[in-house]
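Morning, everyone. Please have a look at the model while I talk.

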Amino acid sequence: MATREVRIMGDEILTKQCKPVTKMTLRTKILIEDMLDTMYEKCGVGLAAPQVGVLKQIVVIDVGEGPIVLINPEIIEASGEQTGEEGCLSLPGKWGIVTRPNYVKVRALNENMEEFEIEGEGLLARAFCHEIDHLSGRMYVTKVEDGIHDVKEEEDEE
């Protein structure tokens with residue numbers, strides 16, 4: 001398919017509430033494929049539709065276990081706590097420390113518009129929370145505990 005331009009923090013679309021998807025159309029299928037292509041091209045672990053300029057409740061995630069597509073996702077259970085580094089394709093080259101639940105259960109629709117539930121721990125739980133926040137116009141920077149930092153290139157230690 002194709003990669004799309006990722007909207008950068010400051011773009012008004014990233015602050016807007018997304019609309020639920022009511023039916024699967026060819027246009028929506030193409031959007032999902034483009035979102036996956038864009039996420040992989042940018043080396044991200046997740047991408048939400050508003051990040052590519054579309055106000056629909058669609059999220060794609062891949063934390064290394066294969067792609068997950070969530071349509072109209074909602075967090076129905078969360079527990080535990082994890083604190084760690086978080087970044088965002090809409091704020092490239094930056095990161096911050098964020099506390100999120102360590103376990104999350106999400107109810108969503110798949111690409112066939114069938115309801116399912118999925119659970120995640122650790123990085124997957126963090127990705128669910130981060131991307132679902134985007135659908136309500138929230139970015140991780142509002143949750144950062146120690147400010148936003150520049151990503152530094154790893155230096156070889158000898």
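Start with Cys18. Its sulfur is 13 Å from the closest cysteine sulfur, the one in Cys88. A disulfide needs the two sulfurs within 2.5 Å, so that gap is too far for a bond. Keep in mind that this is a predicted model. Cys43 is in no disulfide either: the nearest cysteine sulfur, again that of Cys88, is 15 Å away. Search the whole structure and the disulfide count is zero.

Is Cys18 buried or exposed? Cys18 is buried, at 3% relative accessibility. Cys43 is exposed, with a relative accessible area of 70%.

Next, Asp133. You'll find Asp133 in helix H2, which covers residues 123–134. Asp133 has 8% relative accessibility, so it counts as buried, the cut-off being under 20%. Which residues does Asp133 touch, leaving out those up to four places away in sequence? The contacts are Arg100, Arg138 and Lys143.

H2 gives the largest share, five residues.

Eleven of the lining residues are nonpolar, six are polar and six are charged.

That's it from me. Questions, please.

Definitions and conventions:
Residues are numbered from 1 along each chain as its sequence is written. This is a predicted model: local features need pLDDT of at least 70, side-chain atom pairs count only at pLDDT 80 or more; totals for chains, interfaces and linings use all residues. Side-chain values use heavy atoms; hydrogens and water are left out. Buried means under 20% relative accessible area, exposed over 50%, partly exposed in between (1.4 Å probe, protein chains only). Helices (H or I, at least four residues) and strands (E, at least two) are DSSP runs, numbered from the N terminus. Contact means heavy atoms within 4.5 Å. Ala, Val, Leu, Ile, Met, Phe, Trp, Tyr, Cys and Pro count as nonpolar, Asp, Glu, Lys and Arg as charged, and the others, Gly among them, as polar.
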